[in-house]
Amino acid sequence: MPAFRPGQFLTFSLDLAAGAAGEESAGRAITRCYSLSDRPDPAQYRVTIKRVPAPPDHPEFLPGLSSNHFHDHVRAGDVLRVKAPSGHFFIDPDPSIPVVLIGGGIGITPMMSMLRWCIANQPQRSVHLFYGLRNSDEHAFKSGLEEMAALHPALRLHVVYSRPLAADVPGRDHRHAGHVDVELMRQTLPHGRHRFYVCGPPAMMQTLVPALAAWGVPVADIHYEAFGPATVKLPGAPEPAAPVATGVEVKFQRSGRTLVWTGQDASLLDFAERHGLEVESGCRSGGCGSCETRLLDGSVQYEHTPDHDVAAGHCLLCVGRPATPLVLEA
Ligand SMILES: Cc1cc2nc3c(=O)[nH]c(=O)nc-3n(C[C@H](O)[C@H](O)[C@H](O)COP(=O)(O)OP(=O)(O)OC[C@H]3O[C@@H](n4cnc5c(N)ncnc54)[C@H](O)[C@@H]3O)c2cc1C
């Protein structure tokens, strides 16, 4: 199978079976990304998927389509449609620079791949893994990580629970209470250069990544990936040019619709979906390229350069906004 670098992800295209996720979604094709969660192995890929329920404040919404589909309907022996591994979030191979892996919740998955690769290929390399989660209810890879930490002195494991359960024992289940933050790193990391890799929920990304830079970590040593839309601002990033906010026509050629961009949507993807247009999408954060669309006229602006390499003459709907009137092939 195509090789991958530790930290990269797979993009799945799933046909939801009738009745699998409620009548509204039956027969729909959806695209979702999942990080590879084990070290590269030419014979297999592994992904680790968290079942996503409806949001607590909106129990009437359908639960997560893809994650529940995987849990409830995908079985050993099934054949799935998947794109080759991709993404620019992967560990650098220089063994002389210690690494700090920071995973929040299910954001632990790319860290597992990086960690297992380091242990297999660079066992002397110092690795600090900070794993932030609520409590033992969602503690994935618990025994595997404890075994690795016991066997490999170069690995330092820092499990941080934000809402420990009454039965959770400090020192056994978690090492720290609270959140993974710069203060904790100041207390636990030795002096010297480290490469930081961060993947977690938007709130963690939006606070921790800029805090690392403010602490003095060079931007080139901070690598991060969000599992969905998250706005991370790092010093030195170019300020986006002001978007043309209102009154701009966007023509969707294949759909035969011309709509007016009013500036109320965060992206062309949200805009298209709000108007009932069916367009492909995946990560919703500029990483997977599933929403890449031919740009027949006009220009599109991005707040940050997307992680996915956009092909010439194309644009990404999920992180793009019109800078001029547009004609899109979709
Ligand atoms: C690069 C990358 C790597 C990733 N790696 C992993 C990984 O290793 N493991 C993993 O588990 N996940 C990973 N993800 C996240 C994964 O891709 C999916 O986003 C996740 O599984 C949720 O998808 P879903 O289809 O189950 O939920 P969705 O169907 O997308 O729903 C998400 C939430 O929205 C709610 N919702 C439903 N309708 C509405 C509505 N009308 N308005 C508002 N909310 C609504 C749902 O109830 C649910 O809570 C990764 C994402 C990216 C981009």
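The shell around the ligand in this predicted model is made up of 15 nonpolar, six polar and three charged residues. In total, 24 residues surround the ligand, and the closest are Cys 33, Tyr 34, Pro 53, Leu 62 and Ser 67.

Let's look at where this shell comes from. Two secondary-structure elements, β2 (29-35) and α1 (65-73), each provide at least two of its residues. The element that gives the most is β2, with four residues.

| Residue | Polar atom of the residue | Distance to a ligand oxygen atom |
|---|---|---|
| Cys 33 | backbone | 2.6 Å |
| Tyr 34 | side chain | 2.7 Å |
| Ser 67 | side chain | 2.6 Å |

So much for single contacts; now for the cover as a whole. On its own, the ligand has 990 Å² of accessible area, and the protein covers 74% of that.

The protein is divided into domain 1 (9-85), domain 2 (99-226) and domain 3 (248-328). Domain 1 and domain 2 each contribute at least three residues to the shell around the ligand. As for the layout of the domains, the C-alpha centres of domain 2 and domain 3 are 35 Å apart.

Terms used:
Residues are numbered from 1 along each chain as its sequence is written. This is a predicted model: local features need pLDDT of at least 70, side-chain atom pairs count only at pLDDT 80 or more; totals for chains, interfaces and linings use all residues. Side-chain values use heavy atoms; hydrogens and water are left out. A residue is near a molecule or strand if one of its heavy atoms lies within 4 Å of it. A polar contact is a pair of N or O atoms within 3.5 Å; within protein, one must be able to donate a hydrogen and the other to accept it, and residues adjacent in sequence count only if both atoms are side-chain atoms. Accessible areas come from the Shrake-Rupley method with a 1.4 Å probe; for residues, only the protein chains shown count as cover. Ala, Val, Leu, Ile, Met, Phe, Trp, Tyr, Cys and Pro count as nonpolar, Asp, Glu, Lys and Arg as charged, and the others, Gly among them, as polar. Domain bounds come from an automatic or database domain assignment.
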